[in-house]
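I open my notebook on this structure and set down what I looked up, entry by entry.

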Amino acid sequence: MSSGVRIGFLGAGRMATALARGWIAAGLASAGQIMASDPLPAAREAFAAGTPLHTTTDNREVVRASDLLVLAVKPQAMSALLAEVRPEVTPSHLILSIATGISLQKLSDGLGAGRRIVRVMPNTPCLVGASASGYSPGEGVTADDLVLVDRLLNSVGKALRLQEALLDAVTGLSGSGPAFVYLMIEALSDGGVRVGLPRDVSTILAAQTLLGAAKMVLETGSHPGVLKDMVTTPAGTTIAGLHALERAGVRGALIDAVEAATRRARELGQAD
């Protein structure tokens, strides 16, 4: 970023790694502006793999060396992390939390009043510039902070500012959703193999089909049902396949999956 904002990740897991690499790929940060802490050597090695990113086991070192902090630990570890870094966090820090279920109030209680905190729910496709994120700012966040957060999140996909009460639902839909889609791609690929396609060809066709369908929804602005009907000719192949999906309850199963993931996000936040 032209402003030279220094970014520190507290926790160097998959989501932190995806965000760091996504921001570097988007040209919004250089490797020299990013560092991360994690107690696990494997996590630190994976975070720095292929890039000269500084990692450490010392959370306080990261806080002291950063302007923007990304809280990227598991929900169960958040209370201990907040207590550890609280003496080092100052009003000059902008804090993004990507921890599932942890409310702005819990973060504020843990870090102290007057802290500039934004709760964010990104997903791992930020690694390829295709994240779907929701975020909600706390009371101390400034207009300039929001410009920066919006720029960071939209540089790696699409980001929507939402009421905090909706962020657990974002977790259930777009946070967990990539895994649901990977299952769909795998199943479609299996179907292709079942009817005679080679596995590599079938997987490419399945993945590209989902990518193309998603682009049609986003770029045309049409309702998915309208686009579905455009593909569905009377007595044709598509209606035969759709009938099979409806008989199997696929629509209801996907709704249930989002609901279950959302419920679990709420449980994780309450358990901390």
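I began with H93, whose side chain reaches the backbone oxygen of V63 at 2.9 Å, and I read this against the rule for a polar contact, which is a pair of N or O atoms within 3.5 Å where, within protein, one must be able to donate a hydrogen and the other to accept it, and where residues adjacent in sequence count only if both atoms are side-chain atoms. I found H93 in the loop between α4 (78–85) and β5, with helices (H or I, at least four residues) and strands (E, at least two) taken as DSSP runs numbered from the N terminus. H93 is buried, with a relative accessible area of 5%; the scale is buried under 20%, exposed over 50% and partly exposed in between, with a 1.4 Å probe and protein chains only. Leaving aside neighbours within four places in sequence, I listed V63, S66, D67, L69, E88 and R116 in contact with H93, contact meaning heavy atoms within 4.5 Å.

Before going on, I noted that this is a predicted model, in which local features need pLDDT of at least 70 and side-chain atom pairs count only at pLDDT 80 or more, while totals for chains, interfaces and linings use all residues. Residues are numbered from 1 along each chain as its sequence is written, and side-chain values use heavy atoms, with hydrogens and water left out. The mean pLDDT (the predictor's confidence in each residue, from 0 to 100) of the protein chain is 94, and 99% of its residues reach 70 or more.

Next I turned to the nonpolar cores, each a set of buried Ala, Val, Leu, Ile, Met, Phe, Trp, Tyr and Cys residues joined through side-chain atoms within 4.5 Å. Which residues touch the most other members of the largest core? They are I7, F9, F47 and L68, out of 36 residues. The elements that give two or more residues to this core include β1 (7–10), α2 (41–48) and β4 (68–71), and its largest share, six residues, comes from α1. I also noted a second, separate core of 19 residues, V62, V73, V85 and A99 among them.

In helix α1 I looked up M15, which is buried at 17% relative accessible area. The C-alpha atoms of M15 and A72 are separated by 7.5 Å, although these residues are 57 apart along the chain.

I then counted eleven salt bridges, each a side-chain nitrogen of Lys or Arg within 4 Å of a carboxyl oxygen of Asp or Glu. R119 forms one with E164, their closest N and O atoms being 3.0 Å apart. R119 lies in strand β6 and E164 in the loop between β8 (157–161) and α7 (167–175), so the pair ties together parts that are 45 residues apart in sequence. R119 is buried at 5%, whereas E164 is partly exposed at 25%. Another salt bridge joins R251 and E246 at 2.8 Å, N to O; here R251 is exposed at 52% and E246 partly exposed at 43%.

My last entry concerns A235, which has a positive phi near 60°. Most residues other than glycine have a negative phi. I placed A235 in the loop between α10 (224–231) and α11 (237–248), where A235 counts as exposed at 83% relative accessibility.
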